[in-house]
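This report goes through the chains, their interfaces and a few local features in turn. The sequence and structure come first.

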Amino acid sequence: MCLGIPGKVLSIKDEMAEVDFGGVKRTVSLLLCPEVKVGDYVLVHVGFAITKLEEEEAKETLKLLEEYLGREELD
Amino acid sequence: MEERNLIEAIKALHDGPIRLMEVCGTHTVSISRAGIRGVLPKGIELLSGPGCPVCVTPQEEIKQAMDLAREKETVLLTFGDLMRVPTRYGSFETLKAEGSDIRVIFSPFDAIRIAEENPGKRVVFFSVGFETTAPAVAATIVEAKKWGLKNLFFLSAHKLIPPALRTLLEGRRVLIDGFILPGHVSVIIGRKPYEFIPRDFGIPCVITGFEPQDILEGILMLLKQKREKRAEVQIQYKRAVRPEGNPRARALMEEVFEERDSRWRGLGLIPLSGLGLRENFKEMDAQRVFDLKDPEPIPDPPNCKCAEILQGLLKPPECPLFGKTCTPQHPVGPCMVSSEGSCSAYYRYGDFHAG
Amino acid sequence: MQDKILLTHGAGGRASYDLVRKFFLSFFSNEVLQALDDAAVLSLDGSRLAFTIDAYVVYPLFFPGGDIGKLALCGTVNDLSVMGAKPVGIAVAYILEEGFPREDLERITSSLSQAAKEVGVWVVTGDTKVVPKGTSHGLFLITSGIGLIEEGVFLSGSGAKPKDVVIVSGPIGDHEAAVILARGEFAIEGDLKSDCAPLWDLVRSILKVTKNIHVMRDPTRGGLATSLWEIAQSSKVGIVIEEESIPVRREVLSLCELLGFDPYYLASEGRLIVIAPEEEAERIFFAMREHPLGKEAKIIGKVVEENPGRVLLKTKIGGHRLLEPLMGSQFPRIC
């Protein structure tokens with residue numbers, strides 16, 4: 001169930017990561033995924049990373065999301 | 001477009017009526033939002049299962065939390081999904097309007113911050129959700145204990161998916177030809193807990209993601225299994241789900257929670273299908289600290305068919321109350337209120353065939 | 001109606017709609033009110049005046065892209081504009097909380113004044129009250145406006161006709177998304193700005209190319225979906241819009257994903273929906289595109305005879321989704 005959103009880890013400090021979700025950012029706990037590194041893509045649920053996404057596959061999700069929603073950067 | 005190809009492939013492989021159950025409420029919403037039912041060939045029926053934590057939390061458990069919220073100097077925290085669930089005694093939303101301090105949180109970690117900011121108050125987190133959410137709550141409880149927080153308590157109404165699936169199948173009331181299994185629960189538990197389904201019941205399973213493409217691919221994989229007379233648990237959602245799940249998350253769940261018998265709205269009592277805090281964490285267990293007894297079951301409103309809908313026995317439009325006395329503006333049962341309840345999804349997104 | 005008012009009743013969705021139609025209307029029934037458009041139309045000696053009032057309780061008072069002052073002025077100007085009325089006079093009532101900082105009052109009033117100057121409308125009268133500390137978020141504003149409807153312009157929520165084209169002036173939901181971020185409740189950071197802007201100039205430039213337009217609306221509380229639903233109900237027509245065509249900023253979509261919100265229900269405060277006959281569509285579209293507030297305009301759908309009162313979204317995979325009005329304020333979801 002539940003909303004799991006892919007995001008990219010920008011920085012890590014003490015088991016908390018700053019994650020970028022397609023333009024908005026939030027701190028996320030890495031307590032469930034301690035092996036995650038900066039630059040990794042993670043799947044986030046209720047503010048916790050629940051798994052590392054395989055980069056190719058993660059980009060697929062983001063691409064799917066963007067493709068599916070059909071948006072590009074509007075400026 | 002990828003989806004068009006998948007739809008064509010599904011049409012090609014489809015040969016006769018087939019009933020697939022999507023267990024997870026988030027799948028119900030994704031399917032409805034993308035309008036998937038409308039593009040599938042006739043004869044592929046999608047049933048919604050009991051994977052909506054808000055829908056299956058019985059009224060009496062919600063009332064327990066509401067009673068705590070009414071007490072003085074108490075802050076009740078919950079997830080947004082629960083705010084409008086109707087019970088005979090109102091909802092968290094109406095309780096808030098009457099003056100109780102009820103707050104929606106986004107992450108269980110917020111509970112720690114709120115407890116720290118309100119040292120004079122009792123902060124109770126009414127925690128609901130399946131295996132996707134329980135590890136995050138477990139991690140939070142461990143942290144809270146480390147920091148010695150004395151005013152934070154957890155009321156666990158967490159439930160587990162595999163026991164519910166077993167009960168559904170052993171009941172033999174629903175004929176299911178395949179399961180679209182919950183992608184995010186599976187991130188945590190992996191493939192193994194579902195293996196009894198093909199093994200003991202011969203039913204194909206695919207652990208599926210939530211984008212339309214994922215769901216279509218999952219359906220295709222189920223059709224393939226059926227066509228080839230196979231039954232196994234496959235993973236479509238490979239980018240997120242490993243066969244072994246997330247061991248660290250499960251270890252935290254093990255450390256903090258123990259399995260209990262639990263009542264599910266619609267399905268009744270299911271052995272070892274719920275989670276309660278272990279003895280070690282008793283000082284944070286709302287049930288122990290506030291001496292909460294096993295609540296008296298509160299019966300569902302008459303004519304409410306949520307029970308049958310949760311089991312996949314009825315489709316929302318087949319409930320006599322659907323769209324008439326039971327609508328999102330005045331919901332009778334939780335299937336209509338929860339954003340991912342089958343009835344709500346059907347009503348809001350429509351099982352629509354335009355034109 | 002329930003026996004207590006809930007926050008939901010103010011969210012601009014179905015609960016608000018019912019409160020007005022089933023409760024308030026029973027006390028004030030007259031044909032002017034019954035039209036229930038964004039502004040009332042009063043006839044006076046051969047002229048038609050638009051008359052509107054709005055209350056602003058936004059929190060926080062300051063957010064990227066604006067503040068409550070700018071919001072109030074634009075909101076009222078926009079309610080007049082979508083009726084095709086040139087704003088002629090604005091009234092402002094301040095309800096201030098005891099202890100409210102003068103500096104903030106200056107900033108907000110300056111904002112409001114700036115926005116009024118931009119539109120070329122005067123604030124001609126007002127009122128001030130102070131309430132005890134603890135009874136508000138600092139400031140509530142109420143603005144009322146009067147405008148003169150141009151000759152030959154007949155805009156109303158009940159005017160949409162089958163085969164009309166639906167156009168939106170730019171990405172939806174920016175305002176509410178920016179406010180959600182600014183509130184800081186969910187500790188999410190992002191670079192979003194409210195789209196708060198006065199629409200009179202855009203409307204005027206559209207009316208210059210043609211007056212043959214049926215509906216204009218600004219999708220505020222309740223978002224695009226609710227506004228279109230109200231129009232479909234009022235005009236007794238169906239509306240079909242295409243998911244692929246609806247402009248939404250990437251950051252707004254990401255925020256929605258994160259919180260489990262639906263962008264079609266997020267308020268904008270500087271976007272225009274135009275519904276006009278097919279033959280006018282191109283002309284209107286290009287006029288909008290030439291205006292700074294319409295440069296991201298998109299044609300998003302059309303009005304149909306089928307399914308009157310309903311709004312259908314054609315999804316990217318070719319399916320259909322029914323867009324109901326917002327039921328109540330959206331809560332962040334975990335599932």
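## Domains of chain C

Domain bounds here come from an automatic or database domain assignment. The model is predicted. In chain C the assignment gives domain 1 (35-149) and domain 2 (165-322). Taken over C-alpha atoms, the centres of domain 1 of chain C and domain 2 of chain C are separated by 23 Å. Their contact involves 22 residues from domain 1 of chain C and 20 residues from domain 2 of chain C.

On the side of domain 1 of chain C that touches domain 2 of chain C, at least two residues each come from helix 3 (68-81), strand 5 (85-97) and helix 4 (102-119) of chain C. Helix 3 of chain C has the largest share of that side, 7 residues. By class, the side of domain 1 of chain C that touches domain 2 of chain C has 12 nonpolar, 6 polar and 4 charged residues.

## Helix packing in chain C

Helix 3 of chain C contributes C:Ile68, C:Gly69, C:Lys70, C:Ala72, C:Leu73, C:Cys74 and C:Val77 to the contact, and helix 4 of chain C contributes C:Ile108, C:Thr109, C:Ser111, C:Leu112, C:Ala115, C:Ala116 and C:Val119. The residues of this contact between helix 3 of chain C and helix 4 of chain C are 10 nonpolar, 3 polar and 1 charged.

A further pair is formed by helix 6 (residues 200-209) of chain C and helix 9 (residues 278-289) of chain C, which pack at an angle of about 145° with their axes 9 Å apart. The crossing of helix 6 of chain C and helix 9 of chain C is right-handed. From helix 6 of chain C, residues C:Leu202, C:Ser205, C:Ile206 and C:Val209 meet C:Arg283, C:Ile284, C:Ala287 and C:Met288 of helix 9 of chain C. By class, the contact of helix 6 of chain C with helix 9 of chain C divides into 6 nonpolar, 1 polar and 1 charged residues.

## Chain B: domains and a helix pair

The domain assignment of chain B gives domain 1 (2-52 + 173-178 + 196-235) and domain 2 (55-160 + 245-289). The centres of domain 1 of chain B and domain 2 of chain B, taken over C-alpha atoms, are separated by 33 Å.

Helix 8 (residues 134-146) of chain B and helix 13 (residues 247-256) of chain B have axes that come within 8 Å and cross at roughly 60°. Helix 8 of chain B is therefore oblique to helix 13 of chain B. The crossing of these two helices is left-handed. Helix 8 of chain B makes the contact through B:Ala134, B:Pro135, B:Ala138, B:Ala139, B:Ile141 and B:Val142, and helix 13 of chain B through B:Ala249, B:Leu252, B:Met253, B:Glu255 and B:Val256. By class, the residues of the contact of helix 8 of chain B with helix 13 of chain B are 10 nonpolar, no polar and 1 charged.

## Interfaces of chain B

Chain B has 35 residues in contact with 23 residues of chain C. On the side of chain B that touches chain C, two or more residues each come from helix 2 (25-34), helix 3 (36-39), helix 6 (92-97) and helix 17 (342-349) of chain B. Helix 2 of chain B gives the most to this side, with 5 residues. The side of chain B that touches chain C is made up of 14 nonpolar, 13 polar and 8 charged residues.

Chain A meets chain B through 25 residues of chain A and 31 residues of chain B. Strand 4 (41-45), strand 5 (48-53) and helix 1 (55-69) of chain A give two or more residues to the side of chain A that touches chain B. Helix 1 of chain A gives the most to that side, with 7 residues. By class, the side of chain A that touches chain B has 16 nonpolar, 6 polar and 3 charged residues.

## Backbone details

In the loop between strand 4 and strand 5 of chain A lies A:Val46. A:Val46 is not a glycine, yet has a positive phi of about 40°.

In chain C, the peptide bond from C:Tyr59 to C:Pro60 is cis, with omega near 5°. C:Pro60 lies in the loop between strand 2 (47-56) and strand 3 (62-63) of chain C.

## Confidence in chain A

Chain A has a mean pLDDT of 82, and 71% of its residues reach 70 or more. Over residues 67-75 of chain A, pLDDT stays under 50; the model has 15 contacts beyond four places in sequence for these residues. Where pLDDT is low, the predicted coordinates should not be read in detail.

Conventions. Residues are numbered from 1 along each chain as its sequence is written. Chains are lettered from A and ligands numbered from 1 in the order in which they are written. This is a predicted model: local features need pLDDT of at least 70, side-chain atom pairs count only at pLDDT 80 or more; totals for chains, interfaces and linings use all residues. Two residues are in contact if their C-beta atoms, placed from the backbone, lie within 7 Å. Helices (H or I, at least four residues) and strands (E, at least two) are DSSP runs, numbered from the N terminus. Ala, Val, Leu, Ile, Met, Phe, Trp, Tyr, Cys and Pro count as nonpolar, Asp, Glu, Lys and Arg as charged, and the others, Gly among them, as polar. Axes are lines fitted to C-alpha atoms, for helices over the stretch in contact, and angles run from 0 to 180 degrees between N-to-C directions. Angles under 35 degrees count as roughly parallel, over 145 as roughly antiparallel, 65 to 115 as roughly perpendicular and the rest as oblique. A crossing is left-handed if the near helix is turned anticlockwise from the far one by less than a right angle, and right-handed if clockwise. pLDDT is the predictor's confidence in each residue, from 0 to 100.
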